[in-house]
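Here is a short briefing to read alongside the sequence and the 3D view. Keep both open as you go.

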Amino acid sequence: MNQFLSTLVFAAAALLVALGLAQPANAQPAGSQQSGPVGAVAPALSEPATGAVRGQNIFDVQPDASTEAGYRDQTNGERAKVQPGNNAPMWRQVAAGATGYSSLPVSEAPEAGNLIQGFVKYPFMRETNAGEAWRQVRNRWILPYGAALLGIVVLTLALFFVAKGPLGRKHPESERKFERFTPFERAAHWSNAFAFVMLAISGLVMAFGKFFLLPVLGLSITGWLAYALKYVHNFMGPLFAVSLAIIIVIFVKDNIATLADFRWLTRLGGLLGDEQLPSHRFNAGEKGLFWWGVTLPGVVVVGSGLVLDKLIPGLGELRGQMQLAHMLHASLALWMVALIIGHIYMGTIGMRGAYRAMKTGYVTEGWADEHHKLWADDIRAGRIPAQRSNDLNPAPERPAAPLQA
């Protein structure tokens, strides 16, 4: 039995060897033929196979249909005939900003058929789609340069205070006082100041919080803080808008430029010297802040904020409108914060007696002569009343310290 099995195995081996010898020398194993375009034969390798691992440039490997004429210009339907499932032409159109069909009404979804916005070219930037361009403007321009502006302002004021100290002299108390701000003016100012500070804090946290709060507080606390401050920002917006309108109306008449303002500007109001140049109720610097730091940018910031909140009919429904509104809102808001920092400095520690003027509404005659002599002259000449409100009992001033011999 064992001899029979040995004979059978030997015969099968001999048969396999005979079949192998009978195969033609130029035959190739099944599956060794390379696929190619219809009617084309794949080119043979230039070098004989050596059995070693070989590499090939991935950019030289192309789909079989890519050698056909007009391959790059095929429509999605034409491409599907030669490469079923290849939707590259459709997605190429989507990336270029093409708008397709959508069953949603335009009144409810004006951009429903457009997945990616078209290409735009902003100054100093490469051409790209509008969404990416907005992201680059925000991350490469508004945030870094805005942060640099705020840092420069704070550093400059700190150096100025160290070198110069508070401006103005200490004036002895006098019985005669001039009413600089009425109770209504002070109420409007403090309302606007409170709203602006809350907007500035919440806006800065939302813009820069991930840089200076996230590493300290962590993701959860920073996220909830930004979420809460977003609502603070939205609710403070209307208060700022209303108080800003009141501020503009009640102070605009005293912020019209005069010839004295041009003389004040030629010497920066005596800022670097010991004596301040004469000015009316507001000097040229304060008037510049009123127009270029509060009124004009404030109106644009309020308007763009209303667009971002979709509170203006017909605006804010398109992505391009929201992107433009955000760029204006963020840029001018940072500009306002930088200038208001200087205003807060001058109204508190930067000038003696300035804070008390807004707190009580009254200044001494000596303070008025030093800082706003033309305004004090108009009061003494009777052209402006020394007291404009009906407050018969002005806020008491601290009694002057006895003079030392």
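Predicted model: local features only at pLDDT ≥ 70, side-chain atom pairs only at ≥ 80, totals over all residues.

A residue counts as buried when its relative accessible area is under 20%, as exposed when over 50%, and as partly exposed in between, using a 1.4 Å probe and protein chains only. Residues are numbered from 1 along each chain as its sequence is written, and side-chain values use heavy atoms, with hydrogens and water left out.

**The chain overall**

- The protein chain has 12 helices and 4 strands; these are DSSP runs numbered from the N terminus, with helices being H or I of at least four residues and strands E of at least two.
- The protein chain holds 405 residues, and 29% of them count as buried.
- Its accessible surface comes to about 26,500 Å², with 67% belonging to carbon and sulfur atoms; the areas come from the Shrake-Rupley method with a 1.4 Å probe, and for residues only the protein chains shown count as cover.
- Taking contacts (heavy atoms within 4.5 Å) between residues at least 6 apart in sequence, 65% join residues at least 24 apart.

- H233 is found in helix α6, which covers residues 214-251, and H329 is found in helix α9, which covers residues 319-347.
- The side chains of H233 and S202 are joined by a polar contact of 2.8 Å. A polar contact is a pair of N or O atoms within 3.5 Å; within protein, one must be able to donate a hydrogen and the other to accept it, and residues adjacent in sequence count only if both atoms are side-chain atoms.
- H329 has a serine partner too: its side chain makes a polar contact of 3.0 Å with the side chain of S304.
- Not counting residues up to four places away in sequence, H233 touches L199, S202, G203, M206 and H329.
- With those sequence neighbours again left out, H329 touches H233, V301, S304, G305 and L308.

**Helices α4 and α5**

- Helix α4 (residues 130-164) packs with helix α5 (residues 183-212) at an angle of about 95 degrees, and their axes are 12 Å apart. Axes are lines fitted to C-alpha atoms, for helices over the stretch in contact, and angles run from 0 to 180 degrees between N-to-C directions.
- That angle makes α4 roughly perpendicular to α5; angles under 35 degrees count as roughly parallel, over 145 as roughly antiparallel, 65 to 115 as roughly perpendicular and the rest as oblique.
- On the α4 side, R138, L143, A147 and L150 meet L204, M206, A207, F208 and F211 in α5.
- By class, this contact of α4 with α5 has 8 nonpolar, no polar and 1 charged residues. Ala, Val, Leu, Ile, Met, Phe, Trp, Tyr, Cys and Pro count as nonpolar, Asp, Glu, Lys and Arg as charged, and the others, Gly among them, as polar.
- R138, placed in helix α4, touches L143, P144, M206, A207 and H326, not counting residues up to four places away in sequence.
- R138 and A207 are 69 residues apart along the chain, and their C-alpha atoms are separated by 9.7 Å.

**Helices α7 and α8**

- Helix α7 (residues 259-266) and helix α8 (residues 284-308) pack at about 105 degrees, with their axes 9 Å apart.
- These two helices, α7 and α8, are therefore roughly perpendicular to each other.
- D261, W264 and L265 in α7 meet A284, G285 and K287 in α8.
- The residues of this α7 with α8 contact divide into 3 nonpolar, 1 polar and 2 charged.

**Positive phi outside glycine**

- F124 has a positive phi of about 65 degrees although it is not a glycine. F124 lies in the loop between β1 (119-120) and β2 (128-129), and at 75% relative accessibility it counts as exposed.
- K310, also a residue other than glycine, has a positive phi near 55 degrees. K310 lies in the loop between α8 and α9 and counts as partly exposed at 49% relative accessibility.

**A leucine in α6**

- L225 lies in helix α6 and is partly exposed, with a relative accessible area of 32%.
- Leaving aside neighbours within four places in sequence, L225 is in contact with L213 and L217.
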